[in-house]
Amino acid sequence: MKLRGTVWKFGADVDTDAIIPARYLNTSDPAELAKHCMEDADPEFVTRMRPGDIILADKNFGCGSSREHAPIAIKAAGVACVIAPSFARIFYRNAFNMGLPIFESSDAYAGIEQGDEVEVDAGTGVIRNLTRAAEFRAEPIPPFMQQLIADGGLMAHIAKRGS
Amino acid sequence: MTITEKILAAHAGADRVEPGQIINVWVDVALGNDITAPIAIREFRKAGAERVFDRERVVLVPDHFAPNKDIASAEQCKVLREFAKEQDLAHYFETGEMGVEHALLPEQGLVVPGDVVIGADSHTCTYGGLGAFSTGVGSTDLAAAMITGEAWFKVPESMKFVFRGEPGPWVDGKDLILYTIGRIGVDGALYRAMEFTGPAIDRLGMDDRLTMCNMAIEAGGKSGIIAPDDVTRGYVDGRALREPVYYTSDPDARYAAVLEFDCAEIRPQVAFPHLPSNTRPIDEVGEVVIDQVVIGSCTNGRITDLRRAARVLEGNRVARYVRCLVIPATQEIYRQALREGLFEVFLDAGCAVSTPTCGPCLGGHMGILARGERAVATTNRNFVGRMGHPESEVYLANPAVAAASAVLGRIASPEEVVS
């Protein structure tokens with residue numbers, strides 16, 4: 001699977017309150033949450049981004065709360081994937097459970113700018129900056145997580161195990 | 001093995017586990033609240049599940065937007081209530097019994113030393129203060145555990161933090177953990193278990209231990225833990241609903257890093273906006289005028305915290321145009337504070353005392369900040385917009401500093417108020 005889109009670049013330690021502020025958590029409706037995606041990091045993001053765009057952030061993306069509303073909001077807004085040097089632990093886990101593709105890459109952040117056109121090969125983990133003709137590599141996904149994705153997420157994985 | 005590895009091994013049915021290994025463990029408690037449980041319940045139904053794995057071990061606490069702050073929140077709390085009725089859950093806490101979940105579960109003996117606990121709330125790591133392995137997960141992980149009674153984990157590496165020396169009079173567990181986060185950063189313990197140890201930890205009471213482990217997540221930690229001892233036994237005796245198991249780390253246990261801190265050098269800490277790691281000693285805060293003070297939350301809403309705040313507020317008045325909100329974290333703490341006369345102190349000082357709720361900590365309700373306003377809070381996060389308007393600011397501190405700040409209308413040391 002190849003994901004291709006325009007990059008929105010954010011800084012380090014983007015927290016879950018910035019991704020989806022708690023004032024909107026009186027619902028878990030994905031469409032409602034999507035309206036406020038990244039609102040406290042960039043209030044214009046939701047109105048200006050297009051489906052298929054890519055979020056690129058510096059280290060520790062998704063720190064803070066365990067709210068699954070964060071990957072839900074990002075996915076429902078139409079973001080194709082998130083690339084960062086590292087992700088906060090609970091966000092990382094939630095993203096896999098939700099089926100939001102995320103890629104850990106130590107060097108992509110420095111080599112990609114806001115507005116660049118980027119293509120990610122989810123199979124090989126190769127990230128290509130089409131605007132600047134540069135290439136980066138994402139960390140391989142641990143085998144167990146690959147199995148979760150192959151099964152269609154955590155709940156499908158459990159159903160498959162028959163427990 | 002470390003205490004964390006021992007607990008995980010015991011719950012995986014293994015003799016030993018290694019960091020990095022992916023294991024399946026059975027969980028002693030699976031917890032959800034009014035924000036996260038509605039999604040978990042939806043997933044539970046989507047999976048075609050009919051009964052939870054154990055009606056005694058699935059715990060639901062509507063505490064974030066409860067007492068219901070608006071119609072949408074009321075609907076979310078109703079989802080929990082209906083599910084609790086349908087599944088005949090033993091531990092569902094209605095407003096009136098409800099407390100802030102991470103203060104409530106230890107108090108009610110629902111979590112005991114040696115447990116594995118998952119909760120769809122990032123501050124589930126609090127129970128490490130009892131010597132349990134506990135960690136926050138998302139709603140889907142909670143749904144899976146509600147059905148199967150199990151969860152998968154990558155065994156974390158452990159980091160050891162050794163606290164030596166005697167802390168100063170106004171330095172408490174909050175300062176030790178804020179100082180630690182300030183030193184290592186908000187991802188300084190990413191994916192790792194933080195083990196707090198040393199003579200200064202041995203002397204800490206349970207409330208301070210819970211405060212420290214509560215904020216492990218603010219350093220990116222998977223969990224925080226303190227090996228159980230006589231303090232733990234004293235707390236657990238008479239509360240525990242199940243038999244505790246007391247684990248400790250082996251002398252040859254392996255750590256990814258060992259850090260040593262001298263508590264004598266740690267002053268009361270204030271975390272400036274907008275990260276918990278942005279800490280300064282109280283002596284270096286400068287002139288920061290404030291609009292609101294919040295004393296409460298799963299971090300600092302326990303009786304010890306209220307006593308410390310009362311000691312500073314006694315005989316003083318909250319500064320003009322400053323709101324000081326005191327929120328005991330559970331009904332039992334509320335009653336205890338009332339009995340001890342702390343409410344008199346708070347009311348005389350001009351504080352508003354609230355029924356238990358997470359409320360303002362996450363910008364939910366009961367104390368939202370307007371544009372440009374500043375709050376000193378005993379809570380755990382000071383992210384952009386955390387307590388209200390995206391242009392408001394939250395400064396994190398211990399209860400005594402928060403109380404002193406309420407009196408002087410600027411961030412202040414208790415030493416300036418209490419002679």
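Reply: A quick cut-off before we start: a residue is called buried when its relative accessible area is under 20%, and exposed when that value is over 50%. Keep in mind that this is a predicted model.

With that cut-off in hand, take strand S5 of chain A, residues 117–121. The strand is mostly covered, with four of its five residues buried. On one side, S5(A) pairs with strand S1 of chain A (residues 2–10), running antiparallel over five bridges.

Follow the chain past S6 and you get to A:Ala133, in the loop between S6 and strand S7 (134–137) of chain A. Its phi is positive too, about 50°, and A:Ala133 isn't a glycine. Most residues other than glycine have a negative phi, and most peptide bonds are trans. Is A:Ala133 buried or exposed? It counts as exposed, because its relative accessibility is 73%.

Chain A has another non-glycine of this sort: A:Met38, with a positive phi near 65°. You'll find A:Met38 in the loop between helix H2 (30–34) and helix H3 (45–48) of chain A. A:Met38 is at 0% relative accessibility, so it counts as buried.

Over in chain B, the peptide bonds deserve a look. The one joining B:Ala66 and B:Pro67 is cis, with omega about -10°, and B:Pro67 is in the loop between strand S3 (58–61) and helix H3 (71–87) of chain B. The bond from B:Pro273 to B:His274 is cis as well, with omega near 0°. B:His274 belongs to the loop between strand S12 (269–271) and strand S13 (279–281) of chain B.

Several elements each supply at least two lining residues, among them helix H5 (89–98), strand S4 (102–104) and helix H7 (143–151) of chain A, and helix H2 (37–46) of chain B. By class, the lining has 21 nonpolar, nine polar and six charged residues.

The second largest pocket comes in at about 500 Å³. Of its 28 lining residues, the closest to the centre are A:Arg89, A:Tyr92, A:Pro142, B:Lys154 and B:Tyr191. Two or more residues of that lining come from each of H5 and S4 of chain A and from strand S7 (150–154) of chain B. Sorted by class, the second largest pocket is lined by 16 nonpolar, three polar and nine charged residues.

Note on methods. Residues are numbered from 1 along each chain as its sequence is written. Chains are lettered from A and ligands numbered from 1 in the order in which they are written. This is a predicted model: local features need pLDDT of at least 70, side-chain atom pairs count only at pLDDT 80 or more; totals for chains, interfaces and linings use all residues. Side-chain values use heavy atoms; hydrogens and water are left out. Buried means under 20% relative accessible area, exposed over 50%, partly exposed in between (1.4 Å probe, protein chains only). Two strands pair if DSSP finds at least two bridges between them. Ala, Val, Leu, Ile, Met, Phe, Trp, Tyr, Cys and Pro count as nonpolar, Asp, Glu, Lys and Arg as charged, and the others, Gly among them, as polar. On a 1 Å grid over the protein atoms alone, a cavity is a set of points where a 1.4 Å probe fits but cannot get out, and a pocket is an open set with protein on both sides within 12 Å along at least five of seven lines; lining residues have an atom within 4 Å of a point. Grid points are joined across faces, edges and corners, and a volume is the space filled by probe spheres set on the points.
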